[in-house]
Amino acid sequence: MPVTKVLTAGIGEVDLRDFTVYRDRGGYKQWERAVRELQPAQVLELADRSGLRGRGGAGFPTGKKWSFLPNDNKPRYLVCNCDEAEPGTFKDHMLLEQTPHLVLEGILLGAYGIASHHAFIYIRGEFKRGFEIFSKALDEARAAGLLGKNIFGTGYDLEVTVHRGAGAYICGEETGLLNSLEGKRGEPRLKPPFPAIAGLYGMPTVVNNVETLAYLVPILEKGAEWFAAVGTERSKGYKIISISGHVRKPGNYEVALGTTVRELIEIAGGLREGRTLKAVQPGGGSSACIFDEHLDWPYDYESMAKAGSMLGSGAFVVFDDTTDFVKCAFNLVRFFAHESCGQCTPCREGGHWLETVLHRFVEGRGLRSDLEMIRRVSSTITGLNLCALGDSIEPFLKSVINRFPEQFEARIDARSLQQNGSPAMAASAR
Amino acid sequence: MPGFDALYERLRPECERLIAQYEQPRSALLPIVHLFQQHEGYTSREAMRATAEMLRLTPAVVESTVSFYTLFFRKPVGRYVLQVCRGLSCTINGAEEIMAYFREKLGIGHLQTTADGLFSYEEVECLAACDRPTCMQVNLEFFYDLTPAAIDEMIEAMRGGAFPVAPMAQTRAPESTWAIAQDDQVATGRKSPGATGVARPNNAGGLGDASGVIMLDRFVNKEIAFSERSNERLVRDSRAVYDVLEDGEQHAGH
């Protein structure tokens with residue numbers, strides 16, 4: 001199945017950062033049409049009918065998310081989540097820097113779809129260049145009368161504010177993001193209430209990923225049926241997959257959902273000469289690995305869940321037979337331990353201790369009893385936290401320990417094997 | 001600090017503009033701190049105090065927020081902040097060798113600054129450029145596909161003042177690290193010192209009783225709404241206590 005360029009069309013061929021270039025290619029036409037001819041409810045209906053699901057990680061149906069907003073007169077906000085930091089994901093980074101006007105048009109349509117008059121984009125602190133590029137695009141659009149007061153003379157007002165984070169993975173979690181946007185520590189909130197009821201400043205708020213909102217533009221242009229016509233039964237449309245790791249041509253590839261895992265590896269140039277596949281992490285740092293037996297499975301939300309993993313943000317990391325999975329496990333656990341906001345004890349303490357124990361393995365000093373402890377601690381962390389960060393520690397770790405136990409066993413200190421696996425005795429033996 | 005006062009005066013209009021972007025002033029906290037850091041090279045205590053003044057928060061609230069974010073440096077850093085990606089995709093494609101090369105070349109480790117104040121070095125989490133490993137940022141500008149030869153060239157250009165990325169402002173000489181006590185413990189793996197890391201563990205701040213009484217009073221008077229977040233309540237209540245204490249001090253002084 002080939003790559004289909006929808007959002008990525010023109011990237012690398014023309015300078016889509018140029019306002020005139022974007023407009024000449026039909027840019028902002030859908031925005032103008034929506035404001036002039038459509039009611040917000042019609043935009044929502046299109047999003048709903050297209051089957052578009054959140055492209056940031058959770059895969060929640062977009063139209064449904066919007067429909068949760070209460071029917072009241074409170075101000076409501078649309079927040080575009082561009083705090084891309086899931087290990088292995090680099091699609092929003094590309095969209096923001098390469099086609100900022102498309103990102104903006106998506107935000108405008110999303111805001112209109114929920115009848116909001118103030119939208120925000122939260123850009124990861126590290127994307128300083130992207131922030132500058134997007135800010136310029138926003139200024140150009142404002143100067144052209146595409147946002148502001150009384151847009152196209154229809155009486156509809158919409159302002160967009162660009163907000164830059166300052167380095168914190170957890171701000172990609174929607175309530176952590178909202179706290180950060182309110183000028184607070186980016187600590188996730190207790191849910192319920194969900195942002196749709198009480199989000200930014202306590203008002204009804206929708207938080208959508210960059211890619212999700214950008215797909216509104218082609219959906220408006222070509223129709224909900226066009227989008228729903230590709231993909232699988234419950235995973236409709238296209239998705240940008242960030243393929244990296246041990247492939248010859250890593251990059252962002254836009255494909256129809258349901259493309260097989262094998263096809264995705266081939267699209268990215270396949271494995272290096274003489275190498276064999278060991279595993280694929282199909283949905284970012286938070287997802288469990290899939291293996292050989294899943295090569296011909298379709299890459300969609302349901303199949304990945306059935307394979308014991310998830311599609312997540314579409315970060316597709318390929319591992320060949322040179323991979324040291326002990327190091328990989330340590331790497332990701334360290335990531336989550338480092339990025340834990342510290343509110344919930346299981347995540348804060350559990351992540352830290354798993355990191356310490358796995359570091360022992362990396363150095364070849366693992367204890368025989370450690371493997372059982374790693375399993376116990378990582379499963380204990382899961383499900384006891386305010387947000388999904390703590391729950392993200394276990395999947396990859398568990399999947400590689402189960403699949404490649406020999407790699408972990410090889411790092412157990414021989415002395416601990418003679419000590420009947422008692423950590424205390426092994427420690428004193430050193 | 002007279003130098004800071006002049007800067008504060010100069011940046012104030014821009015801060016006001018940032019505040020006006022939001023329905024609530026506090027939302028401008030991150031943008032304002034970014035602005036000060038851009039001019040001072042780090043986030044000084046004066047900058048946090050000024051931010052607090054403009055947003056009508058206590059300096060402690062500002063610092064507690066600032067300390068959450070890794071891109072805010074609360075101590076001076078080098079002219080070039082080198083942040084090398086240690087994410088998984090880079091790691092399985094040679095990032096460890098690149099990091100080792102940097103450490104050897106610069107003679108410093110993670111979170112450290114060279115003695116000449118030119119380089120600060122940090123190994124950071126996934127930078128979202130996994131298709132071009134190993135990647136890094138220099139003063140937040142991306143560089144990709146690192147090799148030892150490219151690093152040599154880069155460092156040489158920085159030393160010779162011919163590097164395309166502008167150096168950071170440096171209003172004060174950096175120390176050997178910009179990490180401060182608690183962060184140090186995080187960096188070395190001692191993330192949770194618990195009570196053992198506190199000099200007097202039982203002396204936990206001393207505002208407990210007063211804030212409890214104020215909170216109870218507000219609850220009885222139905223000033224605390226169901227929809228309020230506990231953390232907001234905490235901040236507001238601690239501010240109220242702060243105000244009371246400050247008044248008390250003023251009275252005591254007179």
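# Briefing on a predicted model of chains A and B

The model described here is predicted. Tyr201(A) sits in the loop between α8 and β5 of chain A, and its phi is near 55°, a positive value in a residue other than glycine.

**The loop between α8 and β5 of chain A**

- Pro192(A) lies in this loop, which runs between α8 (174-181) and β5 (205-209) of chain A.
- The peptide bond from Lys191(A) to Pro192(A) is cis, and its omega is near -10°.

**Domains of chain A**

- Chain A is split into domain 1 (19-228), domain 2 (238-320) and domain 3 (325-429).
- The centres of domain 1 and domain 2 of chain A, taken over C-alpha atoms, are 27 Å apart.
- Where these two domains of chain A meet, 13 residues of domain 1 are in contact with 16 residues of domain 2.
- On the domain 1 side of that contact in chain A, three residues are nonpolar, five are polar and five are charged.

- Strand β6 (residues 238-245) of chain A pairs with β9(A) in the parallel sense over four bridges.
- Within that pairing, Ser242(A) has Ala315(A) of β9(A) as its bridge partner, and Ser244(A) stands opposite Val317(A) in β9(A).
- β6(A) also runs antiparallel to strand β7 (residues 251-256) of chain A, joined to it by six bridges.
- A hairpin of five residues connects β6(A) to β7(A), and Lys239(A) stands opposite Val255(A) in β7(A).
- For strand β9 (residues 315-320) of chain A, five of the six residues are buried, so β9(A) too is largely enclosed by the rest of the structure.
- Strand β8 (residues 277-281) of chain A is antiparallel to β9(A), and four bridges join them.
- The bridge partner of Leu277(A) in β9(A) is Asp320(A).

**Contact between chain B and chain A**

- The contact takes in 39 residues of chain B and 48 residues of chain A.
- At least two residues of the chain B side come from each of α2 (29-40), α4 (59-66), α5 (88-91) and β5 of chain B.
- α2(B) gives the largest share of that side, four residues.
- By class, the side of chain B that touches chain A holds 18 nonpolar, 14 polar and seven charged residues.

**The sheet of chain B**

- Five strands of chain B form an open sheet in the order β2-β3-β1-β4-β5, with mixed pairing.
- β2 (112-113) and β5 (141-143) of chain B are the edge strands, each with a single partner strand, so one side of each has no neighbour in the sheet.
- β2(B) runs antiparallel to strand β3 (residues 119-124) of chain B, and two bridges join them.
- Thr113(B) stands opposite Ser120(B) in β3(B).

**From β5 to α7 of chain B**

- Asp145(B) is located in the loop between β5 and α7 of chain B.
- Although Asp145(B) is not a glycine, its phi is positive, about 50°.
- Asp145(B) counts as exposed because it has 12 C-beta neighbours inside 10 Å, and 12 or fewer is the limit for that class.

**Helices α6 and α7 of chain B**

- Helix α6 (residues 95-106) and helix α7 (residues 148-159) of chain B pack at an angle of about 35°, with their axes 10 Å apart.
- The crossing of α6(B) past α7(B) is right-handed.
- α6(B) contributes Tyr101(B), Phe102(B) and Lys105(B) to the contact, and α7(B) contributes Pro148(B), Ile151(B) and Ile155(B).
- Of the residues in this contact of α6(B) with α7(B), five are nonpolar, none is polar and one is charged.

How values were computed:
Residues are numbered from 1 along each chain as its sequence is written. Chains are lettered from A and ligands numbered from 1 in the order in which they are written. This is a predicted model: local features need pLDDT of at least 70, side-chain atom pairs count only at pLDDT 80 or more; totals for chains, interfaces and linings use all residues. Axes are lines fitted to C-alpha atoms, for helices over the stretch in contact, and angles run from 0 to 180 degrees between N-to-C directions. A crossing is left-handed if the near helix is turned anticlockwise from the far one by less than a right angle, and right-handed if clockwise. Two residues are in contact if their C-beta atoms, placed from the backbone, lie within 7 Å. Ala, Val, Leu, Ile, Met, Phe, Trp, Tyr, Cys and Pro count as nonpolar, Asp, Glu, Lys and Arg as charged, and the others, Gly among them, as polar. Domain bounds come from an automatic or database domain assignment. Two strands pair if DSSP finds at least two bridges between them. A residue is buried if 20 or more other C-beta atoms lie within 10 Å of its own, exposed if 12 or fewer, and partly exposed in between; C-beta atoms are placed from the backbone.
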